[in-house]
Amino acid sequence: MNESERAASRTAVLVCQGRAAADGRAAVGRFADPLAVRLLRAAERTPVYEVRASTPPEGWHARMVYESVRASAEVTAPRTVAIDEALRARVTGQLVILGAGLDTRAWRLPELAQTDVWEVDHPASQQDKRARLAEASQGGRGPDGSSRPSSELPPVAHSVRFTPVDFAVDDLGAALGATGHDPSVPTTWLWEGVVPYLTRDEVRATLSALAVRTAPGSTLIVNYQAPSVKAAAGRLLTRVLGSSVTSGEPWRSLWKPQRMAAMLAEYGLRVKSDDTLLALAHSFGSPARERTSLQSGRIAVAESM
C-alpha cells in the first residue's frame with residue numbers, strides 16, 4: 001500500500017460499506033446505492049455480505065468489523081435518504097460536496113443531469129476514490145493486484161470536478177475558483193460526515209470561505225454531531241481498544257443545534273430544518289434501533305439570507 005492509500009480516509013470506506021449493506025434493504029423505495037459495493041475492494045466487501053446475510057463471523061476482530069458495518073448501515077441509510085431528498089428539492093446548477101469521500105450521488109441521482117458537481121476532499125482520499133472509480137469501470141483489479149488502466153466510471157451529473165483540498169491548511173475558495181466554481185450562481189453545498197472531524201476553528205474557516213462564494217438562492221445541507229456522553233464514551237472505548245478501522249480519526253468538534261444555527265446565521269445562512277437521524281429514520285418508516293449515533297447525529301438545512 002502506498003503513502004496516499006495509507007492516508008486515505010477509513011471513515012469514508014466504512015460509510016460506503018454501510019450504504020452497500022443497506023442497499024435495497026433499508027428504507028426500501030427511498031434508498032438505493034448499487035454503486036457502493038463496486039467501490040469496495042474484495043476484503044472490504046466481506047463484512048458487507050455478512051451483514052446482508054445476517055451471519056456474524058467468528059472471532060473477536062471479525063465480529064467487531066461486522067458490528068461496525070451493521071451500525072454504519074443503520075446510520076447511513078436515513079442520513080442518505082434525508083440528504084438525497086433535500087437535494088432533489090433544491091437542485092441548482094452547482095453542487096459542492098465538502099469532504100466527498102466515496103460519495104456516489106453524481107453517479108446515481110438523475111436529478112443532477114444538469115448540475116456541475118465539485119467533489120472536495122483531501123488529496124489522498126480523492127486519489128483513492130478515483131482509483132476505485134477506475135476499477136469499478138473496468139470491473140476490478142488486474143492479476144497483480146494493481147488497478148487496470150481504464151477511464152473512470154462516467155457520472156450521470158453534467159460534470160464532476162475533483163478539487164483536492166486539505167481543510168486544515170488549504171484555501172478552499174481558491175481551490176474552487178481554480179476549478180471553475182462561479183460564486184455568482186446559486187450553489188447547493190453538501191457537508192456530510194466531516195464537521196465532527198474538524199476543530200471549531202476549521203469549521204469556521206470553511207464557513208467563511210463558503211460564505212463569500214454563496215450567491216442568493218443557495219442552500220447548505222450540513223450533517224453534524226451534537227454532544228452525547230454515551231457517544232463520546234463509545235468512541236473513546238474503540239480508540240483505546242483499537243477495535244474500529246476509524247479509531248485513528250477522532251471527533252474534534254460537537255455542536256448543540258442552537259449553537260449551530262447561531263453560527264450559520266453569522267455567515268448569512270438561516271436554518272430551515274434541523275432533525276436528528278433517529279427522527280428522520282422514523283419518518284421514513286425505518287425500524288431503526290435507538291442507537292446513540294442516530295440520536296446525536298443531525299442534519300440541518302439552511303438557506304442564504
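Visitor: How far apart are the end C-alpha atoms of helix α8, and what span should its 12 residues give?

Guide: This is a predicted model. At 1.5 Å a residue, the 12 residues of α8 (residues 200-211) should span 16 Å, and the end C-alpha atoms are 16 Å apart, which agrees.

Visitor: OK, which residues in α8 are buried?

Guide: Glu202, Val203, Thr206, Leu207, Ala209 and Leu210 are buried. Looking down the axis of α8, those buried residues fall within an arc of 160°, so they line one face of the helix.

Visitor: Let's take α10, then. At what angle do the axes of α8 and α10 cross?

Guide: They cross at roughly 40°, and the axes come within 10 Å. The two helices are therefore oblique to each other.

Visitor: Right-handed or left-handed crossing?

Guide: Right-handed, as α8 passes α10.

Visitor: Which residues meet there, between α8 and α10?

Guide: From α8 you have Val203, Arg204 and Leu207. On the α10 side they meet Arg259, Met263, Leu264 and Glu266.

Visitor: Where is serine 54 placed?

Guide: Serine 54 lies in the loop between α3 (42-53) and α4 (60-89).

Terms used:
Residues are numbered from 1 along each chain as its sequence is written. This is a predicted model: local features need pLDDT of at least 70, side-chain atom pairs count only at pLDDT 80 or more; totals for chains, interfaces and linings use all residues. Side-chain values use heavy atoms; hydrogens and water are left out. Helices (H or I, at least four residues) and strands (E, at least two) are DSSP runs, numbered from the N terminus. The expected span of a helix is 1.5 Å times one less than its number of residues. Buried means under 20% relative accessible area, exposed over 50%, partly exposed in between (1.4 Å probe, protein chains only). The arc is that of the directions from the helix axis to the C-beta atoms. Axes are lines fitted to C-alpha atoms, for helices over the stretch in contact, and angles run from 0 to 180 degrees between N-to-C directions. Angles under 35 degrees count as roughly parallel, over 145 as roughly antiparallel, 65 to 115 as roughly perpendicular and the rest as oblique. A crossing is left-handed if the near helix is turned anticlockwise from the far one by less than a right angle, and right-handed if clockwise. Contact means heavy atoms within 4.5 Å.
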